[in-house]
Amino acid sequence: MVCRKTIQILTFIFFYNYSTSFAANPSYNVQSFGAKPNGKSDSTKAFLSAWGAACATTQPASIYVPPGKYLLRNAYFTGKLCKNTAITIRIDGTLLAPSDYNAIGNSGNWLKFQWVTGVSIYGGTLDGQGTKLWACKNSSKSCPKGVTSLAFYSSNNISVNGLSSLNSQKFHILIEGCRNASVLNMKISAPENSPNTDGIHVEQSSGVTIMNSRIATGDDCISIGPGNSNIWIENLSCGPGHGISIGSLGWDLQEAGVQNVTVKTATFTGTQNGVRVKTWARPSNGFVKNVLFQHIVIVNAKYPIIIDQNYCPDHKNCPTQASGVKISNIKYQDIHGTSATEVAVKFDCSKTNPCSGITLNEVNLNYRNKPATAS
């Protein structure tokens, strides 16, 4: 039997060790560096200064963004000279892009992380304020391309958890050239008519997990570009949007392939597509293999299941050649719901590299209370 005094001593030692270790890890409040939570003062330098301070220490460090609205122009967080491989950014406020899209619209990215390791972002809201830029684009005027709200390049061991992204000018989240990244509990929102506002785009990356997220946008909820492997997507709600797309692929002759992709437990509501693979009709040595779409619910999607190897969205200057991308071992399992068109399953495969190993199991899609057809 352990006496009460011993228990008290052990408890004291535990809390002492916990509190001293926690206290030893530095925390940097962006307001201490001059950030103003009024939504009007430019706080970019303050955020970059807080990042520089966190990078300068070798201990795990945190950056804290208190409640309020913080106006940020382009912010580039580089890990090239970073001594730290464990930086946590905890956001309780909202980060605002400039309301004038010309201020950052041609710079590619709004918040950019490059060459970082062990960065975690928790909570908060990113407001890209993209409404005026979309209106410009939809009016066919000459406009900036727009920026991706949050981008990670050439980075490892990345985590984004509980973040909301609103009205991005272009892509909401971009993961490119990364290893081991998780995007969890996301809320992404933009109107159905917002152009090129992909929810999450992944390219040239491996070990990417996207889970427990709700995405409503004007383009693909999730798009998977060339050079990806070991992608896991689970418990996703998508709509409006263009569904989940692997591609477009095969624009380049020399192009890295896509393999080992799992999409499971997802719901598509009122989307243009459900699960899609799309490639350009031109020579390429790219490929798509070992893909599983499982436990999918479709609610009135226009094209629930589609492989399109003659992809050409504007029907202008289409390549009209045969796609060189080889598609193989694609499994569709337990997919049910309703199609907004009569043809719910469409496989338009390459004439020179036909699809192979396509498996459908327990696929039940209806159109106007009758079984839909396949093409």
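**Figure 1. Lining of the largest cavity in a predicted model.** Two or more residues of this lining come from each of α2 (44-56), β3 (61-65), β6 (87-91) and β8. Helices (H or I, at least four residues) and strands (E, at least two) are DSSP runs, numbered from the N terminus. The whole structure holds 1 cavity of 30 Å³ or more, and the volume of the largest cavity is about 150 Å³. Its lining has 15 residues, with Phe77, Ile89, Ile91, Leu95 and Phe113 closest to the centre. On a 1 Å grid over the protein atoms alone, a cavity is a set of points where a 1.4 Å probe fits but cannot get out; a pocket is an open set with protein on both sides within 12 Å along at least five of seven lines; lining residues have an atom within 4 Å of a point. Grid points are joined across faces, edges and corners, and a volume is the space filled by probe spheres set on the points. The lining of the largest cavity divides into 15 nonpolar, no polar and no charged residues. Ala, Val, Leu, Ile, Met, Phe, Trp, Tyr, Cys and Pro count as nonpolar, Asp, Glu, Lys and Arg as charged, and the others, Gly among them, as polar.

The model is predicted: local features need pLDDT of at least 70, side-chain atom pairs count only at pLDDT 80 or more, and totals for chains, interfaces and linings use all residues. Residues are numbered from 1 along each chain as its sequence is written, and side-chain values use heavy atoms, with hydrogens and water left out.

**Figure 2. Strand β5 (residues 75-78) and its partner β8.** Buried means under 20% relative accessible area, exposed over 50%, partly exposed in between (1.4 Å probe, protein chains only). Strand β8 (residues 109-114) runs parallel to β5, and 4 bridges join them. Phe77 has Phe113 of β8 as its bridge partner.

**Figure 3. The open sheet of 11 strands.** The order is β5-β8-β11-β14-β17-β19-β21-β23-β25-β27-β30, with parallel pairing. Two strands pair if DSSP finds at least two bridges between them. β5 and β30 (373-374) each have a single partner strand, so one side of each has no neighbour in the sheet. Within the sheet, β19 and β21 are parallel and joined by 3 bridges. Ile224 stands opposite Ile246 in β21.

**Figure 4. The largest pocket.** The space in this pocket is about 1,000 Å³. It is lined by 35 residues, and Asp219, Arg276, Lys278, Tyr311 and Pro313 lie nearest its centre. Two or more lining residues come from each of β14 (173-176), β17 (200-203), β21 (244-249), β23 (273-279) and β25 (303-308). By type, the lining has 10 nonpolar, 11 polar and 14 charged residues.

**Figure 5. Asp220 in the loop between β18 (206-216) and β19 (222-224).** Asp220 is buried because its relative accessibility is 2%. Its side chain makes a polar contact of 3.1 Å with that of Arg276. A polar contact is a pair of N or O atoms within 3.5 Å; within protein, one must be able to donate a hydrogen and the other to accept it, and residues adjacent in sequence count only if both atoms are side-chain atoms. Leaving aside residues up to four places away in sequence, Asp220 touches Asp198, Gly199, His242, Gly243, Ser245, Arg276 and Lys278. Contact means heavy atoms within 4.5 Å.
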